[in-house]
Amino acid sequence: MNLLLQDPFQVLKEYPERLVHTINGPVKTTTIAFSHNGDYLATGCLDGTIIIYDMDTMKPATVLNGHVRAIQRLQWGPHGDLLLSSSRDMTVKVWDLKLIGNKFDIVTPIHDLKFNGPIWGAHWINDNLIIVSILEESFAMMIDLITERKSFLNIDNDTPLDQGYVLNCELYPSSSPSSQQDDRIILTGSSKGWINFFKIKDIDTYEHLFGTRVCSSNIKHLLVSQNGERLVVNCSDRSIRQYHLNMVNPIELTLEHKYQDVINRLQWNDIKFSNHAAEYLVASPHGSSTHELYLWETTSGSLVRVLEGAEEELMAIDWDFKGMKIASTGLETGDIYLWSLVIQPKWSALAPDFEEIEENIDYQEKEDEFDDDDIDDENENKIILTKEEDTPIDLITMDPCDVRGNEQVPSFVLPIDYKSILMVQRL
Amino acid sequence: MYKLVSTPHLPSPDNNHTYSTVQISPNGQFIAIPQGKQLQIYDLNNELLKPKIIQTNHTLPISDVCWSPDGECLATASDDHTIEILHVTKYGLLHILKGHTGPVITLCYNSKGNLLFSGSMDESVKTWDVFNGKCLRTVSAHSDSVVSLTLPCHDDSVMASGSYDGLVRIFDTQTGHCLSTLTYDKDWKHSGRVIPITQLEFSQNGKFLLVKSLDGAVKLWDCIRGVVVRTFVQREQDKNNEWWKKFSGGIAIAYISAEKTSQEKNDVLVISGDSQGVITCWDTHTKRFLQKIDTGQRNPIMNISSIGGTLAVITRDGCCNIYRWEEN
């Protein structure tokens, strides 16, 4: 609600502008993920540790140990209380964050799934189904979390084409994110530039909708905008391709823009879309000479902002739409850099009678300004007052969206681990 | 209609403590009453049990307590300028928060339970990190004691503070900037003096703020627009009573949504205590007078704590009554 009381011109800026904070992690950070409401930042480290930071205090709220190699990807569950972690140690783990601080001393994962190769990434499809892309596997694998049964997502094609290995997956957004009845659409990207669309009902019932080749190299990232109309593909051929996505039958992809660094010929380490219709795209360039994030306007394809302040090459990016923050990890130190909006204090808020003005205004006395009898004035006030007192008010219902148009979802609160408070005190 | 269900704490004749507050735990099972330097915790499900008594390290009496949102901890504010955070069931003392330079008057947790806000007679509001007990921010924006702090129950981004300087300010909890000031500006113009604020309470959605001032006026402000949308006044017949005019500091307000109403919609009541041990309930929408609860004690009401349909009330001499809402 604080945003409602701020200057709307400062609040409604569409992207973060200034580096506001740097988190120095104890271990090099490899991947980051904001929780749904931006309350927490989950960070995966090079040694397999997962640290969840509290964004109010910028301090670690909890540490999850279990992985023994670098974390590749982290994703918060549909309700914000589960965390899905995928690692190069060939396992995917599901952590129930509600168990923090309870009778168990150490939080252990509720699912510990082993695979035959290091994991590129794991994705939630719904509450009970996840999809995993594994090193040197031609197909993504679905796992039913209730039975822990695994099944490959095959393309039942008559003429099997070598599409390379599946490197990543993306879930097409749906209006009801956690509903299990609905079919969900999954996109997979391969090492030979293929994108495939699947419609998934459950682990055994799925349908291959469409496949196309967008380039001849690795697809490093695949993102669909929140409204489902834009697709962006980061390939290792040094360009980011942005498509307009039309979910008719067959699915239509129309190339809108291609983002390239024409001078330095850089690859892109990571990309993220802004919310809703994805009007902005942010990317971290590869190479030790660049220490910035680039931010483009997606309709025109023009560069609108370079986020500066970091002192090293940036890797993973995440965008918190609620708090309007962009976080990115540094390649060398593994520190986490946070860009946000800096809203200037409104000094006139301290004294409501005063008004902040841009420039001097010549004072002109009004006709009745110093008239003695302010009876009319008082009567007027009374009328206004009675009007206010009769208008219906609602003290219970929350606004469905925040000022920036993000849907308000019930927030998950990490339980406080009192044992670790005591432990820290004894040190 | 509120019905008296029990009186867990009675004033004892030889007791010369003054009581300042009672707080119901978030699950509605326990009540905490500070008595001098110790805390008494009563189990409302088991009235016959003796209270659990927790000794604190405070050297002067406790003036306010606050349950953490998970119901496991109590924060206590004391006249000795410190705040303690105690884990009630298991771990005992977690932190002693030092930093205020005057008696600490009021405490409030945010809904996540990771931050604690405190207001003090040193005129400042401090934000504490509950995990490590460090002070994160000090905001000095009042010119008298800060006596009441409140945060909306689902929104941690704003905090309201009320002070004896007569101002109600709304702060951004992330930056500490003042976002708006609600004042009794017009009232001052006519009365010629500042009227101190005594208690604040946000509405459930955080859009409205219920404000009580030392003259006994209860007003509901629209925080966004900064206007008063409801004023609750004593009934005419009560107004003529002599005691109404000499309102003391013994006042409290509570803001509840009764769940057990016969209507489909939740009822929202505004409840206010006075200096003669009488509690008045109004309907928020119509400002209709609903009920007068007489505690029977000719002693000021110090605090009203309300969760769901349960109401805990304490008077200055320590009489604590529990009321439950029942449809007649």
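**Entry 1: a charged pair.** I started with Asp56(A), which forms a salt bridge with Lys112(B); their closest N and O atoms are 2.8 Å apart. I counted a salt bridge when a side-chain nitrogen of Lys or Arg is within 4 Å of a carboxyl oxygen of Asp or Glu. Side chains of opposite charge can pair when their charged atoms come close. Between chain A and chain B I find three salt bridges.

**Ground rules.** This is a predicted model, where local features need pLDDT of at least 70 and side-chain atom pairs count only at pLDDT 80 or more, while totals for chains, interfaces and linings use all residues. Residues are numbered from 1 along each chain as its sequence is written, chains are lettered from A and ligands numbered from 1 in the order in which they are written, and side-chain values use heavy atoms, with hydrogens and water left out.

**Entry 2: the interface.** I looked up how far the contact goes: 44 residues of chain A touch 59 residues of chain B, contact being heavy atoms within 4.5 Å. The two chains bury about 4400 Å² between them, and 58% of that is on carbon and sulfur atoms. Buried area here is the accessible area (1.4 Å probe) that two parts lose on being put together, summed over both.

**Entry 3: who supplies chain A's side?** On the side of chain A that touches chain B, helix 3 of chain A gives the largest share, seven residues. Helices are DSSP runs of H or I with at least four residues, strands are E runs of at least two, and both are numbered from the N terminus.

**Entry 4: the largest cavity.** The structure holds three cavities of 30 Å³ or more. For a cavity I used a set of points on a 1 Å grid over the protein atoms alone where a 1.4 Å probe fits but cannot get out; lining residues have an atom within 4 Å of a point. The largest has a volume of about 200 Å³, taken as the space filled by probe spheres set on the points. Its lining has 17 residues, with Asp54(A), Ala61(A), Ile416(A), Asn114(B) and Phe131(B) nearest the centre. Strand 5 (residues 59-64) of chain A gives the largest share of that lining, three residues.

**Entry 5: the second largest cavity.** This one has a volume of about 70 Å³. Its lining includes Phe139(A), Leu153(A), Thr188(A) and Phe198(A). Strand 15 (184-190) and strand 16 (194-200) of chain A each supply at least two lining residues.

**Entry 6: back to salt bridges.** In one of them, Asp204(A) pairs with Arg149(A), the closest N and O atoms being 2.9 Å apart. That pair links distant parts of the chain, 55 residues apart: Asp204(A) sits in the loop between strand 16 and strand 17 (206-213) of chain A, and Arg149(A) in strand 13 (residues 149-152).

Definitions and conventions:
1 Å grid on protein atoms, 1.4 Å probe; cavity = no way out; pocket = protein on both sides within 12 Å on 5 of 7 lines; lining within 4 Å.
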